[in-house]
Amino acid sequence: MAVIKVRNTGEVIEGKENVAAFLNKQGVLYEHWDASKLPAHLQNKFVLTDEEKADILAAFQSEIEDLAKRRGYQAWDVVALCEQTPNLEELLKKFEQVHTHTEDEVRAIVAGHGIFVIKGDENTGYFDVELEAGDVISVPEGNPHFFTLMDDRQVVAVRLFIDPSGWVAHPYEEKEGE
């Protein structure tokens, strides 16, 4: 279950309802899928073939289609990151830059862990959302954020897009007084 850590106050928010309420107030969608739907042969596996990625999409097909229908997503894929990922350090450096997108950034964690660092409203500031298997998050278009791995450095996630060809990170810089 997701845990939120508010950076400027040190507040920790736990529990599905509390996490969902906090994120909803910040305009961030949070849901939880049944991670046990991940086929047994793919649990704790972070280096995946295209066939295994297709198996993951098939396992969560109804959830993906439901979310896509509600939110207008047109395409989806699976991303897997771990120590064996080529150029992992380079990828993480790119991910760990605060940026925005011209559409939502959606992740459904199906194995492992990850952290979204998201800029909240002016009273909240930045907060970390520690995600684990089953957690689904959608950071809204234009909202400054970045994604990184937790200490175990392994994650498998379904990503959903309105237009994957237009899903580009735009660097974000803080302005005075923000």
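**Note on strand β8 and its surroundings in a predicted model**

1. Strand β6 (residues 105–119) and β8 run antiparallel and are joined by four bridges. Two strands count as paired if DSSP finds at least two bridges between them. Helices (H or I, at least four residues) and strands (E, at least two) are DSSP runs, numbered from the N terminus. Within this pairing, Val-139 of β8 is the bridge partner of Glu-105.

2. The model is predicted: local features need pLDDT of at least 70, side-chain atom pairs count only at pLDDT 80 or more, and totals for chains, interfaces and linings use all residues. Residues are numbered from 1 along each chain as its sequence is written, and side-chain values use heavy atoms, with hydrogens and water left out.

3. Strand β8 also pairs with strand β3 (residues 29–32), in the antiparallel sense and over four bridges. In this second pairing, Ile-137 of β8 has Tyr-30 opposite.

4. How many of the residues of strand β8 (residues 135–139) are buried? Five of the five are, so the strand is largely enclosed by the rest of the structure. Buried means under 20% relative accessible area, exposed over 50%, and partly exposed in between (1.4 Å probe, protein chains only). In a regular strand the side chains alternate between the two faces of the sheet. Both faces of β8 are covered, with Asp-135, Ile-137 and Val-139 buried on one side and Val-136 and Ser-138 buried on the other.

5. The UniProt record, an unreviewed entry, lists His-99, His-101, Glu-105 and His-145 under "binding site". These residues are spread over 47 residues of sequence, yet they cluster in space, the largest C-alpha distance being 10.9 Å. UniProt positions are given in the numbering used here, feature names are shortened, and annotations may be inferred rather than shown by experiment.

6. Of the listed residues, His-99 lies in strand β5 (residues 99–100). His-99 has a relative accessible area of 8% and is therefore buried. A polar atom of the His-99 side chain lies 2.7 Å from the backbone oxygen of Gln-97.

7. His-145 belongs to strand β9 (residues 145–148). With a relative accessible area of 1%, His-145 is buried. Leaving aside neighbours within four places in sequence, His-145 is in contact (heavy atoms within 4.5 Å) with several residues, among them His-99, His-101 and Glu-105. Its contacts also include Gln-97, Phe-116 and Val-139. Val-139 is also the β8 bridge partner of Glu-105.

8. Turning to strand β7 (residues 126–132), Glu-130 is found there. Is Glu-130 buried or exposed? At 17% relative accessibility, Glu-130 counts as buried. Its side chain and that of Lys-5 are joined by a polar contact of 3.1 Å. A polar contact is a pair of N or O atoms within 3.5 Å; within protein, one must be able to donate a hydrogen and the other to accept it, and residues adjacent in sequence count only if both atoms are side-chain atoms. Beyond neighbours within four places in sequence, Glu-130 is in contact with Met-1, Ala-2, Val-3, Lys-5, Gly-114, Ile-115, Asp-135 and Met-150.

9. Glu-132 is found in strand β7 as well, and at 32% relative accessibility it counts as partly exposed. Glu-132 and Ala-2 are 130 residues apart in sequence, but their C-alpha atoms are 6.3 Å apart in space. Not counting residues up to four places away in sequence, Glu-132 touches Met-1, Ile-109, Gly-112 and His-113.

10. The structure holds three aromatic pairs. One of them is formed by Phe-22 and Phe-127, whose ring centres are 5.0 Å apart and whose planes stand at 90°, so the pair is edge-to-face. This pair links distant parts of the chain, with Phe-22 in helix α1 (residues 16–25) and Phe-127 in strand β7, 105 residues apart. Both Phe-22 and Phe-127 are buried. Rings of Phe, Tyr and Trp (its six-membered ring) pair if their centres lie within 6.5 Å; planes under 30 degrees apart count as stacked, over 60 as edge-to-face and the rest as tilted.

11. Asn-44, in the loop between β3 and α2 (50–59), has a phi near 60°, a positive value in a residue other than glycine. Asn-44 is exposed, with a relative accessible area of 68%. Asn-87, in the loop between β4 (75–81) and α4 (88–95), has a positive phi of about 60° although it is not a glycine. Asn-87 is exposed, with a relative accessible area of 53%.
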